[in-house]
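Subject: Structure for your review

Dear colleague,

Please find below the structure that I am handing over to you. I would be grateful if you could read the notes after it with the structure open.

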Amino acid sequence: MRIIDLLKPNAIDLNASVQTKDEAIDKLVSLHAQAGNLNDAEAYKQAIYAREAQGTTAIGEGIAVPHAKSDSVKTPGLSAITVANGVDYNAPDGKNSDILFMIAATMDGDLHLEILSRLMVMLMKSDFCNALRSAKTVDEFLEIIDKKESEKYPNEAKATAQQKQGYKILAVTACPTGIAHTYMAAEALEKAAEKMGFSLKAETNGSGGAKNVLTKAEIAECDGIIIAADKNVEMARFDGKPVVKTSVSNGINKPEELIQRILDGKAPVYHNDGAVSQSDDDLDKEGFGHKVYKHLMNGVSHMLPFVVGGGVLIALGFLIDTLLGNAVMPDGSANGAFGFTSFAASVPFWIGKIVFGFMLPILSGYIAQSIADRPGLLPGMLGGMIAANGFTFNSMFENQNMVGDGSAVSGFLGALFAGFAAGLIVNGLKKVFAWLPKAMDGIKPVFLYPLFGSFLVGALMCLLNPIIGTVNTAVSNLLSSLGATSQILLSIVLAAMMATDMGGPFNKAAYVFGTAAIADGNTWIMAAVMIGGMVPPIAIALSTTFAKKKWTDEERKNGPVNYLMGLCFITEGAIPYAASDPLRVIPSCMAGSAVAGALTALFKVKCPAPHGGIFTFAVCEHPLLYIAALVAGSLVGALVLTLLKKNKTQN
């Protein structure tokens, strides 16, 4: 979404007559209301003040960008004012702010972060800011923004013209978390197509949902589609079109080759048979390991909101009881009643427990869906539910209230097994029922597959639950019994893995291990995993800030954005720097993450939430020590990186 598309002329006031920060906020909110962006102006204003209470949104050098996500926002948008002498907005440099943009974002997605990042990149140019200050009319103000945005993002500036001409090649990009690789692949494909003289439109299936969605008309008229994804995407719409299906990394690293395959007519024609099919791709033959990884991450990415929401709510119950002193014995030890001793604590605690209860069925259900498409969803979720509750044949026969056997709860391992088993079983059923006449095609996915798939998966899990449950209990007991030295070593390894490939298989393996440990109550593991993912972007940002001679102008300019990405646990912010100099950047980041991971274990930090970065520290045990570990690890990573990097003048 371009800034120029979000900033309406009636949401701009040049040389506004405001004297204070409060008056500036009132003016910017009223401009949003005037532009029709708000349902409730007063509620949105309170959201702005709530954000300001966390820290000023003034950047310095005369710039302030107040922003807030709120249910009171009807349409995402921007408002802007210039102030002749500026207002005191508590800027870090003490200067008055005379250019103010206010971002209004809806609760779904992270549009405010995207726009904030884009604004920061543009506002770092003093000539651009001076031009905005000198603008005499609203049209001139918008033209200045449009010109700069077109220079920084030339592909977007051409989007309208390309849409009118039609797209010769289409693409869909997606990665399991949908944060960085998704957009990097889309940008690489668009740039490669432009260089080759063709127009390409890329749909991104990111964490905030599908953006730039391909239309039926575009699909019908295109010459072919490139699917660069590490998770399954909706394929039925491409029936009868040439399709190249490959990994998201090939979309980033081999865009020209992928496009050339479409142009040379070497892409196989995709035929929808009700399942997610694979197009043969000579660039990247999908091996067994990659298939397993893709199916696993499809389950993990869908499970994540349940783990985050449920885990944080449970932790809030603990926190409230601790603050009230209700869950501590006179000798200072916990009495085991966290979340139960007060109404204020029990409400978030039990809501969180309910949300957390969906975690394993969602994981196994979406693994099965990734393997067998929609017919696999029900059997997969059933298998996850049986794994979570420890149902066995004996418990079903002996207990009419359907209470599982606690010793047979197979947990995360059982849900993983159930998801893969359900997908394979449903795919087997598709072959078994392939002999039925075509007239029966409509009844198979809604009756036959769910019926037989659920029975077979349910029976299989009841049979295997005691076995997997024993293994799961043994693993959980082993982790719980690790001594201080072992915990430190494991924390070092996991944190370093998070910095090894920054979103790749090593990173994801460590992350999945951490989420599984949360389900078993070993939340100290996630503390090391999360901090290991936060350190690399922050370490790079520190180095670009304080060791400017080591970096190019472009790297220095984009460096500050990594402070925000690191604090938000978006490790992928370090990828461009690692790609340009992997032998120096990756070991430095691993060193910083390893130090931070070791400190979390040494400080006995526990983190019940698997995402959110700095925003979840309040519900962690020993949050101040957690912050200290983050600072120490980031400083070590930045120092090692700065020592290893050569001055650009010496290159």
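Predicted model: local features only at pLDDT ≥ 70, side-chain atom pairs only at ≥ 80, totals over all residues.

Residues are numbered from 1 along each chain as its sequence is written, and side-chain values use heavy atoms, with hydrogens and water left out.

Salt bridges

Side chains of opposite charge can pair when their charged atoms come close. A salt bridge here is a side-chain nitrogen of Lys or Arg within 4 Å of a carboxyl oxygen of Asp or Glu. By this rule there are 14 salt bridges.

One of them joins lysine 27 to aspartate 13, with 3.4 Å between the closest N and O atoms. This pair links distant parts of the chain, 14 residues apart: lysine 27 lies in helix H2 (residues 21-34) and aspartate 13 in strand E1 (residues 7-13). Helices (H or I, at least four residues) and strands (E, at least two) are DSSP runs, numbered from the N terminus. Lysine 27 is partly exposed, at 26% relative accessible area, and aspartate 13 is also partly exposed, at 22%. For these terms, buried means under 20% relative accessible area, exposed over 50%, and partly exposed in between (1.4 Å probe, protein chains only).

Lysine 201 and glutamate 218 form another salt bridge, their closest N and O atoms being 2.9 Å apart. Here strand E8 (residues 200-206) holds lysine 201 and helix H10 (residues 216-221) holds glutamate 218, 17 residues apart. Lysine 201 is buried, with a relative accessible area of 6%, and glutamate 218 is buried at 14%.

Helix packing

Helix H15 (residues 359-372) packs against helix H18 (residues 411-432) at an angle of about 30 degrees, and their axes are 8 Å apart. Axes are lines fitted to C-alpha atoms, for helices over the stretch in contact, and angles run from 0 to 180 degrees between N-to-C directions. H15 and H18 are therefore roughly parallel to each other (angles under 35 degrees count as roughly parallel, over 145 as roughly antiparallel, 65 to 115 as roughly perpendicular and the rest as oblique).

With kind regards
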